[in-house]
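Please keep the sequence and the structure in view while reading.

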Amino acid sequence: MTTAFDPIDLSGTRLANRIAMAPMTRSRAYGPGLTPTDSTVEYYAQRASAGLIITEGIQPSVIGQGYPDTPGLHSAEQIAAWRRVTDAVHAAGGRIFAQLMHAGRIGHPVLWPDRELLSVGPSAVAADGQLYTHEGPKDFLPPRELSGDEVRATVGEFADAARNAIEAGFDGVELHGANGYLIHQFLSTNSNLRTDEWGGPVENRVRFAVEVAKAVAAAIGAERTGLRLSPGNVYNGIVETDTEATYLALVEGLEPLGLGYLHITENAPVRELTLALRKQFSGTLILNPSTEGPTDHAALALIEDGAADIVAFGALFLANPDLPVRLRSAGPYNTPDPATFFGGGDKGYTDYPELTA
């Protein structure tokens with residue numbers, strides 16, 4: 001029987017185990033030009049015992065930034081700074097993918113050097129709610145609708161950032177198609193009101209995600225390209241009126257590309273859809289299970305049952321740098337401190353203790 005502690009070949013990248021660190025925004029890119037710091041290097045190296053680390057969301061362009069102090073991969077200084085992170089993880093025996101996240105309409109002019117800029121999206125529809133900024137909460141603004149040429153240019157930005165990721169030493173990239181960000185906005189029926197080739201029926205709404213994956217696969221290799229999805233997720237004002245049809249059509253479009261993996265973040269109750277997507281996708285499936293089910297060592301049964309090839313852990317990995325060791329012994333676990341999740345210093349970032357003998 002396959003267990004979480006068995007190695008796995010991820011399309012040519014050998015992982016020591018089947019436990020992944022899920023991507024988690026930490027908002028600590030305090031270096032020049034939104035670059036990782038010494039603390040970032042330490043944070044990821046501490047967690048190199050994961051079979052696979054997937055980084056926090058990294059914006060592929062200036063306008064792709066959606067939160068304060070999040071890092072980019074669109075400048076030479078950012079590439080150089082991330083190289084220090086990947087070198088440290090590799091020296092510790094780990095593997096690390098960069099998550100490329102374009103926030104789309106989830107952003108605000110106060111985040112960017114040019115405050116005349118507007119966020120962009122498939123349609124000029126604002127998300128509900130507010131964004132935290134260093135200047136206090138800001139209402140989301142209607143984004144500027146991307147023209148057809150700009151949609152294609154944005155696809156190119158993902159491919160360029162993927163090339164930068166490989167130059168920075170990453171083992172691959174994960175495209176963030178979940179949680180209400182740009183790729184997800186194109187999938188949704190309330191944020192995508194377009195009537196051209198990028199909107200309307202399901203086959204058009206999935207086109208952006210497929211074209212981004214295709215462009216990135218062509219740039220760095222399909223085996224080094226993954227995609228994260230969150231079917232049924234209403235975060236950031238997303239509405240899905242045809243979830244099953246949308247994601248089945250999307251995975252059908254992705255299947256010929258031979259991507260390295262599909263990463264599903266579950267939103268209960270969608271296990272039935274997860275299993276349907278697993279059946280349709282022939283590659284490796286990473287599962288970040290719903291918080292309504294087990295989120296500690298009990299979640300490893302998903303691998304033994306064949307529901308997933310790799311299980312990803314978020315907050316538990318944030319608080320337990322040696323999580324694979326703790327999972328093997330069924331705990332104990334450090335408790336995550338939500339007050340230190342976003343921004344701040346090393347407290348709640350690099351100071352969680354490891355198990356002692």
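Which residues in α6 meet which residues in α7? Ala209, Val210 and Ala213 in α6 meet Leu250, Gly253 and Leu254 in α7, where contact means heavy atoms within 4.5 Å. By class, this contact has five nonpolar, one polar and no charged residues. Ala, Val, Leu, Ile, Met, Phe, Trp, Tyr, Cys and Pro count as nonpolar, Asp, Glu, Lys and Arg as charged, and the others, Gly among them, as polar.

## Basis of the report

The model is a predicted one, in which local features need pLDDT of at least 70 and side-chain atom pairs count only at pLDDT 80 or more, while totals for chains, interfaces and linings use all residues. Residues are numbered from 1 along each chain as its sequence is written, and side-chain values use heavy atoms, with hydrogens and water left out.

Helices (H or I, at least four residues) and strands (E, at least two) are DSSP runs, numbered from the N terminus.

## Two helix pairs

Two packed helices are described by the angle between their axes and the distance between the axes. Axes are lines fitted to C-alpha atoms, for helices over the stretch in contact, and angles run from 0 to 180 degrees between N-to-C directions. Helix α6 (residues 207-220) and helix α7 (residues 243-254) have axes 9 Å apart and pack at an angle of about 25°. That angle makes α6 roughly parallel to α7; angles under 35 degrees count as roughly parallel, over 145 as roughly antiparallel, 65 to 115 as roughly perpendicular and the rest as oblique. The crossing of α6 past α7 is right-handed. A crossing is right-handed if the near helix is turned clockwise from the far one by less than a right angle, and left-handed if anticlockwise.

The second pair is formed by helix α1 (residues 38-46) and helix α2 (residues 76-91), whose axes cross at roughly 30° and come within 8 Å. Therefore α1 and α2 are roughly parallel to each other. On the α1 side, Asp38, Thr40, Val41, Tyr44 and Ala45 make the contact, and on the α2 side Trp82, Arg84, Val85, Ala88 and Val89. By class, the contact of α1 with α2 has seven nonpolar, one polar and two charged residues. Here too the crossing is right-handed, with α1 passing α2.

Why is β10 described as largely enclosed by the rest of the structure? Six of the six residues of β10 are buried, so the strand is largely enclosed. Buried means under 20% relative accessible area, exposed over 50%, and partly exposed in between (1.4 Å probe, protein chains only). Gly172, Glu174 and His176 point one way from β10, Val173, Leu175 and Gly177 point the other way, and all are buried.

Two strands pair if DSSP finds at least two bridges between them. Strand β5 (residues 96-100) runs parallel to β10 and is joined to it by four bridges, with Ala98 opposite Val173 in β10. Five bridges join β10 to strand β11 (residues 225-229), again in parallel, and Leu175 stands opposite Leu227 in β11.

Strand β14 (residues 310-313) is covered on both faces. Ile310 and Ala312 are buried on one side, and Val311 and Phe313 are buried on the other.

Strand β3 (residues 19-21) pairs with β14 in the parallel sense over three bridges, and Ile19 has Val311 as its bridge partner in β14. Strand β13 (residues 284-288) also pairs with β14 in the parallel sense, over two bridges. There, Ile310 of β14 is the bridge partner of Ile286.

## Individual residues

Thr13 is found in strand β2 (residues 13-15) and counts as buried at 13% relative accessibility. Apart from its neighbours within four places in sequence, Thr13 is in contact with Ile8 and Arg95. Ala80 lies in helix α2 and is partly exposed, with a relative accessible area of 44%. Ala80 and Asn164 are 84 residues apart in sequence, and their C-alpha atoms are 9.7 Å apart in space.

Asn179, in the loop between β10 (172-177) and α4 (182-187), is a residue other than glycine with a positive phi, near 55°. Asn179 is buried, at a relative accessible area of 17%. Ala330, in the segment after α11, also has a positive phi, near 60°, but Ala330 is partly exposed, at 43%. Pro332 is placed in the segment after α11 (323-328), and a cis peptide bond with omega of about 5° joins Gly331 and Pro332.
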